Amino acid sequence: MDFERVLEMRLILYGTDFCQLCDEALALIEGTLAEAAYELEVVDISSSDELMAQYAYSIPVLRRMDNEQRELSWPFSASQIREFVGQ
């Protein structure tokens, strides 16, 4: 994996409080990228009607905040996370 690109990458994990899948996704992301430098923001979609409308039935969702702004929807694996941030 190209950790220099990850260093420059900002990620957002969309979810809600008390979401077990969101907790699992966060742990998987943190474990997978433990040796990389990246910025991860966890966003609770229940604080926004717009985010609720967009993500209510698909959380957790990991989003890249670079030029591509691609998203990775649950379920995802460690290898999918590495591929997602390494591209």
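Mentor: Let's start at W74, which counts as partly exposed because its relative accessibility is 23% (buried means under 20% relative accessible area, exposed over 50%, and partly exposed in between, using a 1.4 Å probe and protein chains only). F76 comes in at 5%, so F76 counts as buried. Keep in mind that this is a predicted model, where local features need pLDDT of at least 70 and side-chain atom pairs need 80 or more, while totals for chains, interfaces and linings use all residues. Numbering starts from 1 along each chain as its sequence is written, and side-chain values use heavy atoms, with hydrogens and water left out.

Searching the whole structure turns up two aromatic pairs (rings of Phe, Tyr and Trp, the last by its six-membered ring, with centres within 6.5 Å; planes under 30 degrees apart are stacked, over 60 edge-to-face, the rest tilted). Y14 and Y55 make a stacked pair, because their ring centres are 4.4 Å apart and their planes meet at 15°. That pair ties together distant parts of the chain: Y14 sits in strand β1 (residues 10-15) and Y55 in helix α3 (residues 49-55), 41 residues apart (helices, H or I with at least four residues, and strands, E with at least two, are DSSP runs numbered from the N terminus). Both Y14 and Y55 are buried. W74 and F76 have ring centres 4.9 Å apart and planes at 80°, so this pair is edge-to-face.

Now look at R63, a residue of strand β3 (residues 61-64). Its relative accessibility is 18%, so R63 counts as buried. If you skip the neighbours within four places in sequence, the residues in contact with R63 include Y14 and Y55, along with R10, Q69 and F84 (contact means heavy atoms within 4.5 Å).

Next comes R64, which counts as buried because its relative accessibility is 0%. Its charged end sits over the ring of F84, 6.0 Å from the ring centre (NZ of Lys or CZ of Arg has to be within 6 Å of the centre and within 35 degrees of the ring normal). R64 also meets D66 in a salt bridge, 2.3 Å from N to O (a side-chain nitrogen of Lys or Arg within 4 Å of a carboxyl oxygen of Asp or Glu). D66 is partly exposed, with a relative accessible area of 23%.

Four salt bridges are found in the whole structure. R10 and E39 form one of them, 3.6 Å from N to O. It reaches between strands, with E39 in β2 (residues 39-44) and R10 in β1, 29 residues apart. R10 also bridges to E41, where the closest N and O atoms are 2.5 Å apart. Here again distant parts of the chain are linked, E41 in β2 and R10 in β1, 31 residues apart. Together, R10, E39 and E41 are linked in a network of salt bridges. R10 counts as partly exposed at 29% relative accessibility, and E39 does too at 47%.
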